[in-house]
Amino acid sequence: PRSRSVASNRSRMLDALRRLLAAPTFADEEETRVAAILHTMLLGCAGISLVALVIQLVALEQTQVALLIYPAAFVCSSGLLALVRRGLLQLAGSIFLLFLWAAITFGALTYGGIRSPSAGGHILVVIIATLLFSGRLVLMFVALSLATLAGILAVEELGYLPARLTPDTPEVAFLAHFIHLFSAGFFLYLAVKNLQDARLRARQGASKADDLLREATAAKTYADNILASMAESLIVLDPRGVIVTVNKASLDLLGYT
């Protein structure tokens with residue numbers, strides 16, 4: 001009995017964890033799509049924050065900044081996940097993109113200026129905005145990224161770049177490029193998958209419409225056959241008294257064709 005109780009508790013814990021990690025669904029299909037993307041990204045950010053904190057504490061030096069940045073990133077991701085579950089998708093997506101924009105801009109200003117690998121990270125802002133929003137919000141984040149790049153260039157040309165916060169080594173540059181390429185590939189994969197899912201839903205909708213049309217046609221044919229085979233006269237009128245249908249027995253009785 002004790003082993004069954006332990007197994008039952010473990011099963012309940014796993015079910016609770018699955019529900020916690022599952023993306024929320026809404027009545028609107030578009031909201032469900034956006035929520036799934038945001039949920040995946042925020043869970044990834046929360047997990048990366050924890051892993052990065054552990055790596056920083058165990059393998060790297062200068063952990064004071066990490067003790068602030070990585071827990072803050074985890075808390076922010078968790079808070080945005082709560083907003084997503086409440087259906088505040090546009091608010092959660094906008095806050096996430098603004099945080100991402102600020103982190104990319106800060107990284108570019110403190111590591112290489114306009115030549116920094118971080119500067120290219122603004123393409124992530126545009127990709128994610130395209131995945132989450134449409135219309136003016138997408139254009140707003142595109143304009144924000146372009147203006148930021150121009151601002152970084154102006155700051156560098158004027159000689160006002162702040163001091164580097166990370167060493168200028170090939171390993172750091174490789175890590176930055178790796179993160180950006182991995183992130184861009186992941187979000188482009190989400191974009192392509194969304195297009196494929198939309199095409200599949202369109203095909204399924206068209207197939208369902210065809211099935212309904214066939215069923216309606218078959219039902220009409222069945223009803224027409226019943227009416228035609230009736231020996232009794234039958235006349236169907238609408239609420240205004242207009243004749244809609246008559247069967248052959250009615251035509252024979254009344255002498256009409």
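**Close-up views of a predicted model**

**View 1. The hairpin of strand 1 and strand 2 has five residues between the strands, and Gly241 in this hairpin takes a positive phi near 90°.** The model is predicted: local features need pLDDT of at least 70, side-chain atom pairs count only at pLDDT 80 or more, and totals for chains, interfaces and linings use all residues. Residues are numbered from 1 along each chain as its sequence is written, and side-chain values use heavy atoms, with hydrogens and water left out. Strand 1 (residues 235-237) and strand 2 (residues 243-246) run antiparallel and are joined by three bridges; strands pair if DSSP finds at least two bridges between them. Ile235 stands opposite Val246 in strand 2. Strands (E, at least two residues) and helices (H or I, at least four) are DSSP runs, numbered from the N terminus.

**View 2. The second largest pocket has a volume of about 180 Å³.** A pocket is an open set of points on a 1 Å grid over the protein atoms alone, where a 1.4 Å probe fits, with protein on both sides within 12 Å along at least five of seven lines; lining residues have an atom within 4 Å of a point. The volume is the space filled by probe spheres set on the points, which are joined across faces, edges and corners. Helix 2 (29-59) and helix 7 (170-229) each supply at least two lining residues, and the largest share, six residues, comes from helix 2. The lining includes Glu29, Arg33, Lys193 and Asp197.

**View 3. Helix 5 (residues 122-132) is largely enclosed by the rest of the structure, because eight of its 11 residues are buried.** Buried means under 20% relative accessible area (1.4 Å probe, protein chains only). Among the buried residues are His122, Ile127 and Leu132.

Technical notes: Buried means under 20% relative accessible area, exposed over 50%, partly exposed in between (1.4 Å probe, protein chains only).
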